[in-house]
Amino acid sequence: MEKKKGIKVLLVDDEDVFRETTARQLAIRGFDVLTAESGEAALALVKNDPPEVVVLDLEMPGMHGSETFVEIKKNDPHVEVIILTGNTNVDSAIELIQQGIFDYLMKPINIDELLYKIEDAFTRKKLKEKQHYDFGM
Amino acid sequence: MLKAITSFSRQLLARFREPVLPAPDPPEVEALRLTFKSRFHSFKLLLAANTRVLESMADLQRALQGEEPFSTAFVQARCTSISVNVFRMINDMENIAPAKYSELRQSFAAIQRRIDALLSARKHHSDPRLVIPLEAVNSDMADLVGGKMANLGDVKNRLHMRVPSGFVITAAAHEMFMAADGLQKEVDRLFQVAGSDADRNLDLVSSQIRQRIMSADVPEPIYLAVVEAYEQMKKQTNGQEVRMAVRSSAHGEDAENSSFAGQYRSELNVTFHQFFYYYKQIMASKYSVQAIAYKLNRGFRDEDIAMCVGCLTMIDAVAGGVIYSKNPLDSWDDAIYINSTWGLPKSVVDGDDLSDLFVVARDEPLTILRREIQEKGYQIVCFEDEGCIRKQTRDELKNRPSLTDDQVRMLADHAIRIEQYYEGPQDIEWTLNSNGDIFILQSRPLQQVESIQPPADLDLQPFATSLLIDGAINVSPGVASGKVFKVAKRVDILQFPEGSVLVVEQALPAWAPLIARAAAVISEQGGFAGHLANVAREFGVPALFGARGAMTTLENKEIITVAADLGRVYRGSLDVLLQWRRPTPRLMIGSPVYEMLRAVSDHIIPLHLLDPESPDFSPNKCQTFHDITRFIHEKSVLEMFSFGKNHSFSERSSKQLYYHVPMNWWILNLDDGYTHEIKGKYVKLEEIASIPMLAFWDGFAAVSWDGPPAMDGRGLTSIMFRSTMNPALAPGMRSKYADRNYFMISKHYCTLSSRLGYHFSTMEAMVSERSRENYLGFKFKGGAADFKRCLGRLHFIKEILERYGFQAVVNADNLNARMEGHDMEYMLSRLKILGYLTLHTRQLDMIMNNTAAVNYYLTKLTKDIDTLLGEHLNP
């Protein structure tokens, strides 16, 4: 398996089994994976140890995923956020895309598909950073 | 299409003629390079999103064939995925060509609004009553109290028959219960997360949902309303505690042609102390394994079904059973069929024991035609404290009729009156108390099926030695053959192979989820009045019950033929019987879930934007999501071309392919399509890093072209005529750019626009380790021959492509072929075929009126391709 070193992923989901299984699958595939079980925990984490890509659930006890997304972006506008949810809702999906999430994915998800999305999100982040820092675009 | 491609080339040419900007400074080049990279990244994301949309649309199209069951969750997940990816394509397009196609957003919003209106149709109840006494219920209130209780209200209040007193907890209460603490939202989430492969996860989803419901609190307003209704009930028994039968009365449960009844739980002999526990059990039974499987297989929408609950005074039954007011297996037979057993009617419905059958003719007076008295080994009776127990029948009762002739006639009379009231045959559950009073417990429409009678002269004597079972009860007609699979415990369900014959000891409702996957059903116990028999008839699966000794006589995995109408089972697969097999009903078609999908698909799948040259090929003419994706795909390719052309920086300018000599092939590098930075105007084949382009070229250069096929006079005239009409076609008159063939490449992507001779073809390929994103698209059109022969060539190519796994269609004068989702190696082998065909179908249109020549080329081309792939289809 090709190592995806350098891509630091934060996985935020309140469902323990899903979070731990997915984290393990991503780690095996070479990602550097952090996990958080709530929006609040995620925010505390990103401040100290900023990830490059966040995979975020929406329906969680406490802070809702969409609010967590806004706060994460405030902390670091260049971080890319992928929503991965069990509650299908087109309106909220479109709104979140407009607000700048990288993609809106639905559970259940094939691990390879999630992996590709994380890679693509990482590429976009790098391109945007380069434009921003080199050319002020 | 010809027009489309000519114009596409024209647009390309126009780009060439545009003044090219002077070479920029190095920092500007760096900025340009970055902008280009960013656009190409958006382009790749756009292509991936496009593939996802097409994939989901293909899923919807498959579902529309109505052969496989699917749920609302499936439709919703696919539609959301399509919306999200179309919207992302619009965003990506915006990154590629800022502000150029912003009208797409309005088209998207309009289509999305129409889809939303179709998907979000959860019912709300305008009547806020949470509990209604049975005296106030009638059949106009089915929405509020469920079909079962609505009908029972009629029997009590309009037909004035004896019905236990009681009340109904309504659909409004169900809505309140499910809304509290986001329970409904959680249920929807669990369904979605389970995925479309719900069958496998059914046990898990079912138990998760039922646990959530059981651990929820009953909202206080429901609690108070029930307490009040119960106090009213107690007044009729002088304040004594009342034992209740708590029965499901869900929406759709009593609908014609559906056997919902029995899917849900009913609890007998419940004390008030335990009432709310059982109320929740019944709410949870909406999500039992058999209820979920049934809804899925019939295409019922979970959100259409509110679980109302009837609470009736418990009748301590001496006997009970089910009446069919007509023969369910023969619509010509209007005799009344009464199934009866000792104790509560539950064992008749559950099919776990044999029961008596009385057949009554509608003569005046009513005549009992037949009495089939069975040995009733067990009966279900009320426990003294609470609940029920299955106990052995006393020896002196076992073989005695469970009804007197008078009681039989009284029951038949009840059945006739109820049938007349509802104007159709009925399925009636009844019970008899110790005073001999008849109580009606439910009445619903009876479904009847046609019997299939074997021809009188059919000689089955030669198969007498293969006869395994004879004299069993036909509960669902038809003939089927399959391997025996015995099911004894719940866990066996998971291993049940599709198309097997289900063999069980008792005809329990728990086996119902297997019916849709079984070829036939054989049970040692049970009769045609049981729930499992109902489900078998509904799904058109032949079934034999009362097949004594089946579990020991039949061997697992042995192939048998079940002839339900004859009551027989034979060893082996008997064609002489199987010829009466009837087609399986396609239950999804016309179901609520199916209709929802059909309506939504109308806004997603049809393609109106066919011709890129038409003035209607514009963002505001997009009527469906398919239109939007088609439009974006077309424009994004053009935009990517134009960017490289309009900005002159060396590695983005097109270069001429050098393969032994300079070729008439031009290459535009989008990203990482070259092995290194190339200076000068040529690029050598070995400097190309594009995996799909190299595979295409492999096929293109593999076999040298024999030159044009021999032509007749007509062929020549045709070429001359068409060359006159279109100067660009005439070899001597080519403009500088007209004969160029363009590749746009990156490492994993390649698009080609080519014109060889007189035909045009375009090819697009995305090939990497990401199998799911892989695809090939190939379009072909044109030719110098007349229309008929050009069309002949299109079908000729189509046939070859289909032989190698492409999906191909010929529309008007063009061929469109696609392939997606295969692994890299497979995709590359198919690219070789496209390369080969691009060269070797040159001018083949000219011979399309000569069958012998067509056959010669078909053989030659496929032989070449097989050699090319190292495949030998006919060794």
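Tutor: Gladly! Let's begin where the chains meet: the contact takes 22 residues from chain A and 25 residues from chain B. Keep in mind that this is a predicted model.

Student: What makes a residue part of that contact?

Tutor: Two residues are in contact if their C-beta atoms, placed from the backbone, lie within 7 Å. On the side of chain A that touches chain B, the elements giving two or more residues are α4 (90-99), β5 (103-106) and α5 (111-135) of chain A.

Student: Which of these gives the most?

Tutor: That is α5(A), with nine residues. By class, this side of chain A has ten nonpolar, five polar and seven charged residues.

Student: Staying in chain A, why are α2(A) and α3(A) called roughly parallel?

Tutor: Helix α2 (residues 39-48) of chain A and helix α3 (residues 65-75) of chain A pack at an angle of about 10 degrees, and their axes are 10 Å apart. Angles under 35 degrees count as roughly parallel, and α2(A) and α3(A) are therefore described that way.

Student: Which residues make this contact?

Tutor: From α2(A) come Gly39(A), Ala42(A), Leu43(A), Val46(A) and Lys47(A). The partners in α3(A) are Gly65(A), Glu67(A), Thr68(A), Glu71(A), Ile72(A) and Asn75(A). Together, the residues of this contact divide into four nonpolar, four polar and three charged.

Student: Now for chain B. How many helices and strands does chain B have?

Tutor: Chain B has 25 helices and 30 strands. Of its 875 residues, buried ones make up 47%.

Student: What makes a residue count as buried?

Tutor: The cut-off is 20 or more other C-beta atoms within 10 Å of its own. In chain B, 47% of the residues are classed as buried.

Student: Where are the domains of chain B?

Tutor: The domain assignment gives domain 1 (26-120 + 598-645), domain 2 (131-313), domain 3 (319-432), domain 4 (461-578) and domain 5 (654-869). Taken over C-alpha atoms, the centres of domain 1 and domain 4 of chain B are separated by 50 Å.

Student: Why are β1 and β4 of chain B called edge strands?

Tutor: They belong to an open sheet of five strands in the order β1-β2-β5-β3-β4 (chain B), with antiparallel pairing. β1 (131-133) and β4 (266-270) of chain B each pair on one side only. Neighbouring strands of this sheet are turned by 20 degrees against each other on average, direction ignored.

Student: How do you know that β3(B) and β4(B) pair?

Tutor: Pairing needs at least two bridges, and three bridges join strand β3 (residues 244-250) of chain B to β4(B), in the antiparallel sense. Look for Arg247(B), which stands opposite Ser266(B) in β4(B).

Student: What is the pairing in the sheet of eight strands?

Tutor: The pairing is mixed in this open sheet, whose order is β14-β21-β20-β16-β17-β18-β19-β15 (chain B). Its edge strands are β14 (467-469) and β15 (473-476) of chain B. The twist averages 35 degrees from one strand to the next.

Student: How many bridges join β16(B) and β20(B)?

Tutor: Strand β16 (residues 479-486) of chain B and strand β20 (residues 559-563) of chain B pair over five bridges, in the antiparallel sense. Ile560(B) in β20(B) is the bridge partner of Gly482(B).

Student: Which strands does helix α16(B) lie across?

Tutor: Helix α16 (residues 531-538) of chain B lies across β15, β18 (520-523) and β19 (543-545) of chain B, running at about 60 degrees to β15(B).

Terms used: Residues are numbered from 1 along each chain as its sequence is written. Chains are lettered from A and ligands numbered from 1 in the order in which they are written. This is a predicted model: local features need pLDDT of at least 70, side-chain atom pairs count only at pLDDT 80 or more; totals for chains, interfaces and linings use all residues. Helices (H or I, at least four residues) and strands (E, at least two) are DSSP runs, numbered from the N terminus. A residue is buried if 20 or more other C-beta atoms lie within 10 Å of its own, exposed if 12 or fewer, and partly exposed in between; C-beta atoms are placed from the backbone. Ala, Val, Leu, Ile, Met, Phe, Trp, Tyr, Cys and Pro count as nonpolar, Asp, Glu, Lys and Arg as charged, and the others, Gly among them, as polar. Axes are lines fitted to C-alpha atoms, for helices over the stretch in contact, and angles run from 0 to 180 degrees between N-to-C directions. Angles under 35 degrees count as roughly parallel, over 145 as roughly antiparallel, 65 to 115 as roughly perpendicular and the rest as oblique. Domain bounds come from an automatic or database domain assignment.
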